[in-house]
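Hi everyone, thanks for making time for this. Please have a look at the sequence and the structure on the screen, and then we'll walk through a few spots together.

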Amino acid sequence: MIRVVLILALMFVLAWAFWRFMDGIIEAFGGTTRQRRQRAAPMKLARDPVCGTWVTPAESLALRTGQETHYFCSAECRESFRKSA
């Protein structure tokens, strides 16, 4: 009985692997697959003018000077920018 369960489990895993492989081949040739992967929307990044770190505007410290907004990774970078400007 255990042998039958193990054989069925092995057949299931092999069939699943085969179809995942075939989906990859179909997708590589530009076709559609049964399971389309959802890609995350690209995230906009801004460069910190002091240290050069890339930060997300939503999660960073901002400083508006005239018409331009600068984004900073930390309060230290923002203060350094204020002192130099």
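Let's start with Trp19, which counts as partly exposed at 45% relative accessibility. Here, buried means under 20% relative accessible area, exposed means over 50%, and partly exposed is in between, with a 1.4 Å probe and protein chains only. Before going on, please keep in mind that this is a predicted model, where local features need pLDDT of at least 70, side-chain atom pairs count only at pLDDT 80 or more, and totals for chains, interfaces and linings use all residues. Residues are numbered from 1 along each chain as its sequence is written, and side-chain values use heavy atoms, with hydrogens and water left out.

How many aromatic pairs does a search of the whole structure find? It finds two. Rings of Phe, Tyr and Trp (its six-membered ring) pair if their centres lie within 6.5 Å; planes under 30 degrees apart are stacked, over 60 edge-to-face, and the rest tilted. Phe18 and Trp19 have ring centres 5.1 Å apart and planes at 75°, so that pair is edge-to-face. Phe18 is partly exposed too, with a relative accessible area of 42%.

For Phe72 and Phe81, the ring centres are 5.3 Å apart and the planes sit at 50°, so this pair is tilted. Are these two buried or exposed? Phe72 is buried, at 0% relative accessibility, and Phe81 is buried as well, at 16%.

Now the cysteines. A disulfide is a pair of cysteine sulfur atoms within 2.5 Å, and by this rule the count is zero. Cys73 is in no disulfide: the nearest cysteine sulfur belongs to Cys51, 3.5 Å away. Cys77 is in no disulfide either, and its nearest cysteine sulfur, that of Cys51, is 3.8 Å away.

Next, please find Val4, in helix α1, residues 2-28. Helices here are DSSP runs of H or I with at least four residues, strands are runs of E with at least two, and both are numbered from the N terminus. Val4 is partly exposed, at 47% relative accessibility.

Last stop: Ala40, in the loop between α1 and β1 (46-47). Ala40 is exposed, with 72% relative accessibility. Its C-alpha atom is separated by 24 Å from that of Met22, 18 residues apart along the chain.
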